[in-house]
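Morning, everyone. I have one structure to show, and I'll keep it brief. Have a look first.

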Amino acid sequence: MPELPEVEIIRGQLARELRGARISSCEVLLPRLVKYPTALGFRRGVRGREVREVRRRGKYLLFALDGDRELVIHLGMTGSLLLLPRGGERPRHTHILFHLEDGRDLIYVDPRTFGETALVRRGDYRSLPCLSRMGPEPLADDFTPSRLAAALRGKCRVKAALMDQARLAGLGNIYADEALHRAGIHPLRRVDTLRGRDVARLHAAVREVLDEALESGGSSVSDYVDLQGERGNFQERHLVYRRAGEPCRACGEIIRRETVSGRGTYFCPCCQK
DNA sequence: ATAGGCCTGACG
DNA sequence: CGTCAGGCCTAT
């Protein structure tokens, strides 16, 4: 799935491309991807609405529509949004189409169908528990090392904490592993063993890796493409993610893979303690 | 705090 | 055939 940098790239493109665009109609080919209200209510609710603003919270895209409705899209693991001229061939795994008045279609494509959409009253996220409990945005100006320290309370493993959206918004498996390597912290470390300097390094590492990924157009490990169908380049700069058996770019030690809280976790046993 | 479920596809 | 996949939810 797109994680924070990839969703942010798509958000920026949507904001530019959809300025003032109006949805003339909507087709839902796979109704279970609509979490709220019903597929019918969703289609009726977006019809005729103008897109006023596109924001992001964690990995969620939030489209402010005229009226007081907000369209919420989460791309799951393999979702993508594509903006195409109307009437062309539909990509495989197309599940939702927003037909725009200007003749373009905004298309939601998702092979694994882990994504979700909803149409809510603005700011009312009760039907989306993860969004309603979302932790702080790591790229916000007010995200300080002490905010990160507060997010790392408890006794869980630091990798699990970084991926917990209620603690910190937007990190997934790739950027959690990459940030931990940059900070020199082992993914299995328990958060209550981290010292002030560890938290400071992790804070810097999280922001740096997200910034660099944004500059590189995001990570395209398998499915990720932007609104124009273009892949990112940051996967070429990954230091650990999916590099098991290869040498660490910092020290030459062999990168290991272990399962941590159910997710494949990549780290350098020499650089990360 | 951790496992299993949801889905399809790529790869060995 | 089995393993691995960028995430979230629900149940223990």
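A polar contact here is a pair of N or O atoms within 3.5 Å; within protein, one must be able to donate a hydrogen and the other to accept it, and residues adjacent in sequence count only if both atoms are side-chain atoms. This is a predicted model, where local features need pLDDT of at least 70, side-chain atom pairs count only at pLDDT 80 or more, and totals for chains, interfaces and linings use all residues. Residues are numbered from 1 along each chain as its sequence is written, chains are lettered from A and ligands numbered from 1 in the order written, and side-chain values use heavy atoms, without hydrogens and water.

Now the DNA. Arg92 puts a polar side-chain atom 2.3 Å from a phosphate oxygen of DNA strand B. Arg112 goes to a base oxygen of DNA strand B, at 3.1 Å.

Which residues are around DNA strand B? Arg32, Arg92, His93, Pro111, Arg112, Thr113, Phe114, Cys156 and Arg167. Near means a heavy atom within 4 Å.

Next, the helices, which are DSSP runs (H or I, at least four residues), numbered from the N terminus. Helix 1, residues 4-17, and helix 7, residues 196-215, have axes that come within 9 Å and cross at roughly 45°. That makes helix 1 oblique to helix 7; oblique is what remains after under 35 degrees (roughly parallel), over 145 (roughly antiparallel) and 65 to 115 (roughly perpendicular).

Technical notes. Axes fitted to C-alpha atoms, helices over the stretch in contact; angles between N-to-C directions. Helix = DSSP H or I, 4+ residues; strand = E, 2+ residues; numbered from the N terminus.
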